[in-house]
Amino acid sequence: MKNFLFSIFLLAQATSFAQDSISQAGIFKVRVFVDKALTNQLIVSNVNQTNMYSGFRFSTNQRDSIMMLIQQTVKNQLFKDAVFIYDVKADGSQRKTMETGTFAGGFPKMTKKRAIYSYEEEIYVKVRLKVQAFSGPKYGIAGVQYSNLHPSVKFKMKAFDSSKKKIYSRKIRLWDFDKVSSLSFSNTVTTVTTTKALSSDQIYQMIQHTIRVFNEQEERNR
């Protein structure tokens with residue numbers, strides 16, 4: 001009898017473990033912002049307007065790699081298999097972020113309420129990535145100024161249960177990246193700024209480094 005009860009206990013434990021193993025976290029929103037100041041080689045400003053010249057965008061492989069990094073991070077931190085979930089348009093297509101040169105395209109874009117209503121997941125996750133530029137001191141003479149831009153990457157992840165209760169929230173900001181040089185020429189009407197713009201691969205490497213450090217820090221804090 002004792003052996004029978006013990007077998008029932010082991011079966012219940014195994015079933016519980018299997019259910020935990022297959023339960024998933026639905027990533028319903030990913031926002032990736034890249035500051036145009038880092039990706040524009042030429043900026044022309046006057047009293048009325050500012051024109052930026054940049055064709056920045058992530059390649060399909062880079063975007064897919066970022067998605068894989070996010071997916072693996074959710075699994076590492078929340079101990080759940082992670083999937084991307086999408087809102088569906090009236091025509092049946094998935095609603096995704098638009099490519100603007102500042103915000104990366106192709107990522108899920110859905111509200112928390114909509115995600116919980118549309119999908120039955122155990123956990124709902126949203127992620128924000130911000131690659132920003134902060135200006136350093138300017139040097140030079142009237143009409144010609146040299147300065148450095150200081151890049152930073154911020155990674156933030158939040159998770160909610162099916163009752164909309166926040167169950168996880170962590171963020172990190174890194175500054176340990178090479179400075180980006182910038183040179184400005186100006187007169188009374190116009191300022192022309194040339195910058196040693198970063199490539200999409202350089203931006204991707206910064207994001208990859210930040211997510212890796214995020215996971216390493218979380219691992220040490222456990």
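## Salt bridges

Six salt bridges turn up in a search of the whole structure (a salt bridge is a side-chain nitrogen of Lys or Arg within 4 Å of a carboxyl oxygen of Asp or Glu). The model is a predicted one: local features need pLDDT of at least 70, side-chain atom pairs count only at pLDDT 80 or more, and totals for chains, interfaces and linings use all residues. Residues are numbered from 1 along each chain as its sequence is written, and side-chain values use heavy atoms, with hydrogens and water left out.

One of the bridges joins Glu 99 to Arg 57, with 4.0 Å between the closest N and O atoms. This pair links distant parts of the chain, 42 residues apart. Glu 99 lies in the loop between β4 (81-84) and α4 (112-118), and Arg 57 in the loop between β3 (50-53) and α3. Helices (H or I, at least four residues) and strands (E, at least two) are DSSP runs, numbered from the N terminus. Glu 99 counts as partly exposed, at 27% relative accessibility. Buried means under 20% relative accessible area, exposed over 50%, and partly exposed in between (1.4 Å probe, protein chains only).

## Two further bridges

Glu 122 and Lys 80 also meet through their side chains, at 3.3 Å from N to O. Glu 122 lies in the loop between α4 and β5 (123-141), while Lys 80 lies in the loop between α3 and β4, so the bridge ties together parts 42 residues apart in sequence. The partners differ in cover. Glu 122 is partly exposed at 38% relative accessibility; Lys 80 is buried at 11%.

Arg 95 and Asp 87 form another salt bridge, 3.5 Å from N to O. Arg 95 is partly exposed, with a relative accessible area of 33%. Asp 87 is buried, at 12%. Shared partners join Asp 87, Arg 95 and Arg 114 into one network of salt bridges.

## Aromatic pairs

The whole-structure search finds four aromatic pairs. Rings of Phe, Tyr and Trp (its six-membered ring) pair if their centres lie within 6.5 Å; planes under 30 degrees apart count as stacked, over 60 as edge-to-face and the rest as tilted. Phe 155 and Phe 214 have ring centres 4.9 Å apart and planes at 70°, so they pair edge-to-face. Phe 155 belongs to strand β6 (residues 144-160) and Phe 214 to helix α5 (residues 200-221), 59 residues apart. Both Phe 155 and Phe 214 are buried.

Leaving aside neighbours within four places in sequence, Thr 73 contacts Phe 155, Met 157, Ile 211, Phe 214 and Asn 215 (contact means heavy atoms within 4.5 Å).

## Charges over rings

The charged end of Lys 96 sits over the ring of Tyr 86, 5.5 Å from its centre. Arg 170 lies over the face of Tyr 168, 5.4 Å from the ring centre. A charge sits over a ring if NZ of Lys or CZ of Arg is within 6 Å of the ring centre and within 35 degrees of the ring normal.

## Overall architecture

The protein has five helices and nine strands. Along the sequence they follow the pattern α-β-α-β-β-α-β-α-β-β-β-β-β-α. Buried residues make up 38% of the 222 residues. Among contacts between residues at least 6 apart in sequence, 68% join residues at least 24 apart.

The protein exposes about 13400 Å², and carbon and sulfur atoms supply 52% of it. Accessible areas come from the Shrake-Rupley method with a 1.4 Å probe; for residues, only the protein chains shown count as cover.
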